[in-house]
Amino acid sequence: MRASADHDPRPAPERIGVPVLALFGGGDAIVALDESVAVFAEAVRPDLVSVVVFPSTDHRLQVDDLPRMADGYLKTPPPSSPLPRERM
């Protein structure tokens, strides 16, 4: 999958007005992790966004080639719970 070089991801997160839990896979080959986390941190009010990175997962938050979810994924609190930005 190719990313568009002229795609600006900021307009959508800038319109977020409700709590959101942004989950990212640290081994994601589709989405640029650092850039994506930075966009949420800069574009969304801090009281509305919680960012969690699962370091050894892919874009689907799965581990390896098996359909196994990341450790801690099912225990991730909903976005209405204030969370610090963290790496699981």
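Trainee: Among contacts in the chain between residues at least 6 apart in sequence, what percentage join residues at least 24 apart?

Mentor: The figure is 70% of those contacts, where contact means heavy atoms within 4.5 Å. Before going on, bear in mind that this is a predicted model, in which local features need pLDDT of at least 70 and side-chain atom pairs count only at pLDDT 80 or more, while totals for chains, interfaces and linings use all residues. Residues are numbered from 1 along each chain as its sequence is written, and side-chain values use heavy atoms, with hydrogens and water left out.

Trainee: OK, and what secondary structure does the chain have?

Mentor: There are two helices and five strands, arranged along the sequence as α-β-α-β-β-β-β. Helices (H or I, at least four residues) and strands (E, at least two) are DSSP runs, numbered from the N terminus.

Trainee: Which residues make up the largest nonpolar core?

Mentor: That core has nine residues, namely Ala22, Phe24, Leu33, Phe40, Val44, Leu48, Val49, Val51 and Val53. Strand 1 (20–25), helix 2 (33–43) and strand 2 (49–54) each supply at least two of its residues, and strand 2 gives the most, with three. A nonpolar core here is a set of buried Ala, Val, Leu, Ile, Met, Phe, Trp, Tyr and Cys residues joined through side-chain atoms within 4.5 Å; buried means under 20% relative accessible area, exposed over 50%, and partly exposed in between (1.4 Å probe, protein chains only).

Trainee: And what does leucine 48 touch, leaving aside its neighbours within four places in sequence?

Mentor: Leucine 48 is then in contact with Ile16, Gly17, Val18, Pro19 and Val20.

Trainee: Switching topic, how many aromatic pairs turn up in the whole structure?

Mentor: A search finds one. The ring centres of phenylalanine 24 and phenylalanine 40 are 5.8 Å apart and their planes stand at 70°, so the pair is edge-to-face. Rings of Phe, Tyr and Trp (its six-membered ring) pair if their centres lie within 6.5 Å, with planes under 30 degrees apart counted as stacked, over 60 as edge-to-face and the rest as tilted. Phenylalanine 24 lies in strand 1 and phenylalanine 40 in helix 2, 16 residues apart.

Trainee: Is glutamine 62 buried or exposed?

Mentor: Glutamine 62, which is found in strand 3 (residues 62–63), counts as buried because its relative accessibility is 15%. Not counting residues up to four places away in sequence, glutamine 62 touches Ser56, Thr57, Pro67, Arg68 and Met69.
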